Every structure is written in C-alpha cells, then in structure tokens.
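Subject: Model for you to look at

Hello,

Here is the structure I promised to pass on. Please open it alongside this note; my findings follow below.

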Amino acid sequence: MKVSIVIPAYNEEASIEKTIKSLLSQSYKDFEIIVVDNNSKDKTREIASKYVKTVNESKQGYIFAVRRGIEETHGEILTICDADSIYPKRWLEKMVKSFKRKNVVAVYGTATFYDTNEFTAFASLIFYTIFLWFSKFLGLDNTAGFNFLFRRESYVKSGGYDPNWKWGSPDIDLGRRLKKFGKVKLRNKIVFTSARRFKKGGFLNTTKMFIGMWRQMLKNKNPDMSYDEYNKTRK
C-alpha cells in the first residue's frame, strides 16, 4: 500500500528539516511526501524543497493546506505529519500493518515531547496514552493530526477535511466521520513532537484548553474554542 505523507507548514524553518529526514529514513519504503508551504515568511520552502516536492497554498490555515496537499498525492493511505514532529524509523511500517484488515479505515497513536526534560517527556507520554484510551472507551477517538493515518477511499466518502469547519480540531472531526465507514484503531505507537505550544501558553493552561475542547466534542457539541483559536495553537 502506498502512503501519501502531507506536511502542512507555516514558518517551520527551525524544525522541518528534522521532520523530513525522519520520514525519509522510514523502514517502510512505499510512500511519497509533499510539503505544503502555507505562506511562510522564513526559509521553510527553501529547506523543504531540497528534499521533497513542495507546493504553496495561498489561503491561510491548516485545513486549506492539508486539502491542497492531499489533492497533490496518489497513495491509498493518507497521513498528515506536523512539521515539528520526529518519526521513529519503524513508525510507518507499524502503523500501516493495521490496514491489512479491510474493515480498518483509520489508525492513530500516542506521542511525547522531544524538547523537554526526561521527566516531563515520560509523564506526558503516560498521561496522553491513558487519555487516548480513556477517550476511546467513552466513544471519542482523539485522532490528533501528527499521528493519524486513514484510507483515501474513506476520506473521500467522508467529505474530507471540512473547509467550513469552525470549532476546535478538524482532525478529531474527520476521525468521527471516518468511523461511519469502518473501524478506527488506536495503537501505542509513539511520535515525538514539540512542546512549544505548551511552553508558549503554559502547560497547565494549554492542557485545560484542550481538555475543555475534548469534553465538548465528547458530548457531540461544538467546542467553545473556535477553529481560528485552535489554528493559532498549531503555529
């Protein structure tokens, strides 16, 4: 199965090279990578284009960048990778195995930080993994974009990322709609991501914000946090 990897990026010159190199080093080799530069004002596009195909999306926002990237790809399996995340060598190999079962339409995993001290990274991994399984038990798959793969066929059937989405996480919204077409599977496969958003907003305040959004989505309600506010946390 060919995997299409889309990396939406806005002013990511400090991290995108490490992200791309970690993906190019994957043990699973049947994949393509495309970076979507979302009007960066730094050297993001210059750096990315040295390694992989890079296109521009002039309409600002995560959803528009992701949709543009998917339009440029051809793989049976799709995944959106954050431009500040690092992917272990066997990450893709292990995640793709889930799709051997034809009733599986999506798979997602856990994460920890690479730019904090060891205690914080370990505690974050334990907390986030427990949270993911607890959320799944309650009926909501918390399909975070940096560790989330899905079948193109199911993505198209679901309507894809909604360009009119106004509230909270578009990744979780997509996961909910994908579930109508088959199983969404959670695996304890780790991705290493940046804690910069938590450092910027404060770990406690940022965690409370995301939990508040999760509680609203768990109730099938629109979160109090708008998509524009959510999109700012991705920068």
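Glu76 is partly exposed, with a relative accessible area of 39%. Here buried means under 20% relative accessible area, exposed over 50%, and partly exposed in between (1.4 Å probe, protein chains only). Glu76 forms a salt bridge with Arg151, with the closest N and O atoms 3.6 Å apart. Arg151 lies in strand 6 (residues 148-151) and Glu76 in the loop between helix 3 (62-71) and strand 4 (77-80), so the pair ties together parts that are 75 residues apart in sequence. Arg151 is buried, at 10% relative accessible area.

A word on the basis. This is a predicted model, in which local features need pLDDT of at least 70, side-chain atom pairs count only at pLDDT 80 or more, and totals for chains, interfaces and linings use all residues. Residues are numbered from 1 along each chain as its sequence is written, and side-chain values use heavy atoms, with hydrogens and water left out. Helices (H or I, at least four residues) and strands (E, at least two) are DSSP runs, numbered from the N terminus.

Salt bridges

The count comes to twelve salt bridges. The rule is a side-chain nitrogen of Lys or Arg within 4 Å of a carboxyl oxygen of Asp or Glu. One of them joins Lys21 and Glu17 (4.0 Å, N to O). These two are four residues apart in helix 1, so about one helical turn separates them. Lys21 is partly exposed at 44%. Glu17 is partly exposed too, at 27%. There is also a network of salt bridges that links Glu12, Asp84 and Arg196.

Helix 7

How many of the nine residues of helix 7 (residues 170-178) are buried? Eight are, so this helix is largely enclosed by the rest of the structure. Among them are Pro170, Ile172 and Leu174. Asp173 forms a salt bridge with Arg177, at 2.9 Å between the closest N and O atoms. They sit four residues apart in helix 7, about one helical turn. Asp173 is buried, with a relative accessible area of 8%. Arg177 counts as buried at 16%. At the start of helix 7, a side-chain oxygen of Ser169 reaches to within 3.3 Å of the backbone nitrogen of Asp171.

Core and surface

The largest nonpolar core has 60 residues, and Ile7, Phe150 and Tyr161 touch the most other members. Strand 5 (residues 104-113) gives the most to this core, with six residues. Such a core is a set of buried Ala, Val, Leu, Ile, Met, Phe, Trp, Tyr and Cys residues joined through side-chain atoms within 4.5 Å.

Now helix 5 (residues 118-138), which holds Ile130. Ile130 counts as exposed, at 56% relative accessibility. Thr129 lies in helix 5 as well. Thr129 counts as buried, at 16%. Thr129 touches Thr110 and Asn188 (heavy atoms within 4.5 Å), leaving aside residues up to four places away in sequence.

Backbone

Most residues other than glycine have a negative phi. Asn11 has a positive phi, near 55 degrees. Asn11 is in the loop between strand 1 (3-9) and helix 1 (16-24). Asn39 also has a positive phi, of about 70 degrees. Asn39 is in the loop between strand 2 (31-37) and helix 2 (44-48). Asn11 is partly exposed at 29%, and Asn39 is partly exposed at 23%.

Best wishes

Terms used: Polar contact = N/O pair within 3.5 Å; in protein donor to acceptor, adjacent residues only side chain to side chain.
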